[in-house]
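Here are some friendly notes to read alongside the model.

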Amino acid sequence: MAYSSRYAVQEIPKYKLPKSSTEAKVAYQLIHDELELDGRPSMNLASFVHTWMEDEADKLVYENIAKNLSDQDEYPATMTIQGRCISIIGNLWHAEAAIGTATVGSSEAVMLGGLALKKRWQERQRKNGKDTSRPNIIMGNNAQVALEKFARYFDVEMRLIPVSEESHHILDIHKAVEACDENTIGIFCILGSTFTGHFEDVLGLSKLLDDYEAKTGLDIAIHVDAASGGFVAPFAFPDLKWDFRLKRVVSINASGHKFGLSYCGIGWVLWRSTDYLPKELVFQLDYLGSIEYTYNLNFSRPACFMISQYYNFIRLGHEGYKRVMENDLKNARLFAYALEETGSFDVVSDLHRPLNVFGWHKTGKEQVAQAKKKGAVKYNPALPVVSFKLNDEFKKKYPHVQQAAISTLLRTKGWIVPNYKLPPAEDDTEILRVVVRESLSREMIDRLVIDVREAADKLKEVENEASQMLADVTGVSTKNKHEAHEHRNVKRPKTFNSTC
């Protein structure tokens, strides 16, 4: 038994392989117990990665966990399913003749998209007898690290466009076009910023690049990093033009393990046609039993998570995905409104505001009310992500409260809510961020609102008590003494629910 084994009184091997074997149950139990120290996936609101699937999907994953997606000849049925997934996704993104592949995630996928842009640019430069040694790529400085990795790993100059409140914390498309030149291989446009959930304006950028080409003759392509938004926009915002409906969009990547609702380990990259997948990226193999073609950065990779993606396509269909995405957005908007009602927080995300209403300095409540009188509210397209911060009034009244302390207090309740700075140029602003996934139900949203509010109230109380202690010692009050005592002596309910 685990607790009567030698490891009950000895350390589990950490740095060297043990000399002797141990029972399977003992090894399992000891590792299982240590992993209990991790946070609960369902309460990890920091991550975009999906954490729950149905029992039938779990069964499929387990049944196929030993299959290697690179073994095309050995697992023909698996390869057929991958082809079906690419067709389904291509149809979802309005492609007519898409080609693509499964990857281990959107990081690999975006690098493949970037490499294709670079190879096509090099080919164009060579045809024109021009230098191919100084490629550059343009993106907002809100870009996820995988996009920066592409530039650094593959020797491409990275031209980062500062984001601002005026650009809604995402790529300023006008400044992006101004940064273009004949060495620009393309622009990364992000459908769903990891900071605030905003969608970048792919359509607007496409139009500006059309004008740029008319003036300069330079054809600048767009790769859409739809890591999170690729499985949100088609269902929640079907009229939004961001995909292969725009001719300037030549490739798109997405994470199946985010809002594709599969377990971690599956991503996708699609090109609008074979014309946009350079032959230099395609390898022909003939040593596994037949002639095969591959264009991945990774070779061996699990097939089971790709299969779980196909399970979702069959199980949910368009109706099911639409319902999940709309529910996620409803819960996220509810959480955003509740935060504003506390009087302590500004919501930096704009998903709960009417179309084209932006900024926490004007909450949009009046616009929402007016829109509701006219009928259904048309909201800003965005991910179900709520980024928020302590408002100026709170910080002025409680200047010693650190916003990061809210994240720490929530962790004591089991919630994982990160606190971090906005990108450079806005890094004097810190935000707390909650990703609303399928497993975060309305009931859990209610509990989260209570816990966030209680965390803020606790910090207020601590500062008042500290101020009072300082006043008692020094004889100098930093706050209104009566107000501090009155706040400290408030009787708090002992029931589960807080007062309204």
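1. A word on exposure to begin with: a residue is called buried under 20% relative accessible area, exposed over 50%, and partly exposed in between, using a 1.4 Å probe and protein chains only. Please keep in mind that this is a predicted model, in which local features need pLDDT of at least 70 and side-chain atom pairs count only at pLDDT 80 or more, while totals for chains, interfaces and linings use all residues. Residues are numbered from 1 along each chain as its sequence is written, and side-chain values use heavy atoms, with hydrogens and water left out.

2. Let us start with the domains. The protein chain is assigned domain 1 (2–38), domain 2 (55–311) and domain 3 (318–472); such bounds come from an automatic or database domain assignment. Between the C-alpha centres of domain 2 and domain 3 there are 31 Å. Counting contact as heavy atoms within 4.5 Å, 29 residues of domain 2 meet 34 residues of domain 3.

3. How much area is buried between domain 2 and domain 3? The value is about 2500 Å², with carbon and sulfur atoms giving 68% of that area. Buried area here is the accessible area (1.4 Å probe) that two parts lose on being put together, summed over both. On the domain 2 side, Phe195, Phe235 and Phe259 lose the most area to domain 3, and together they account for 27% of what that side buries.

4. Domain 2 and domain 3 share zero salt bridges, a salt bridge being a side-chain nitrogen of Lys or Arg within 4 Å of a carboxyl oxygen of Asp or Glu.

5. Which helix gives the most to the side of domain 2 that touches domain 3? That is helix H8 (residues 233–236), with three residues. Helices (H or I, at least four residues) and strands (E, at least two) are DSSP runs, numbered from the N terminus. The residues on this side of domain 2 divide into 13 nonpolar, 15 polar and one charged. In that division, Ala, Val, Leu, Ile, Met, Phe, Trp, Tyr, Cys and Pro count as nonpolar, Asp, Glu, Lys and Arg as charged, and the others, Gly among them, as polar.

6. Serine 387, in strand S11 (residues 385–390), has a relative accessible area of 0%. Beyond its neighbours within four places in sequence, serine 387 contacts residues including Phe195, Thr196, Asp346 and Arg433. Histidine 352 sits in the loop between strand S10 (345–347) and helix H10 (365–374); histidine 352 is buried as well, at 0%, and its side chain makes a polar contact of 3.0 Å with that of glutamate 340. Leucine 339 belongs to helix H9 (residues 304–341) and is buried at 1% relative accessibility. Not counting residues up to four places away in sequence, leucine 339 touches Phe345, Val347, Val386, Phe388 and Val452.

7. Now the salt bridges, of which the count is 21. Arginine 315 pairs with glutamate 54, their closest N and O atoms 3.0 Å apart. This pair links distant parts of the chain, 261 residues apart: arginine 315 is in helix H9, glutamate 54 in the loop between helix H1 (24–35) and helix H2 (55–63). Arginine 315 is partly exposed at 45%, and glutamate 54 is partly exposed at 22%.

8. Lysine 322 and glutamate 326 form a salt bridge at 2.9 Å between the closest N and O atoms; they are separated by about one helical turn because they are four residues apart in helix H9. Lysine 413 and aspartate 451 form a salt bridge at 3.3 Å, N to O. Lysine 413 lies in the loop between helix H12 (404–412) and strand S12 (419–421) and aspartate 451 in helix H13 (residues 442–474), so this pair ties together parts 38 residues apart in sequence. Lysine 413 is partly exposed at 43%, whereas aspartate 451 is buried at 5%.

9. Lastly, please look at Asp210, Glu213, Asp219 and Arg248, which are linked in a network of salt bridges.

How values were computed
Polar contact = N/O pair within 3.5 Å; in protein donor to acceptor, adjacent residues only side chain to side chain.
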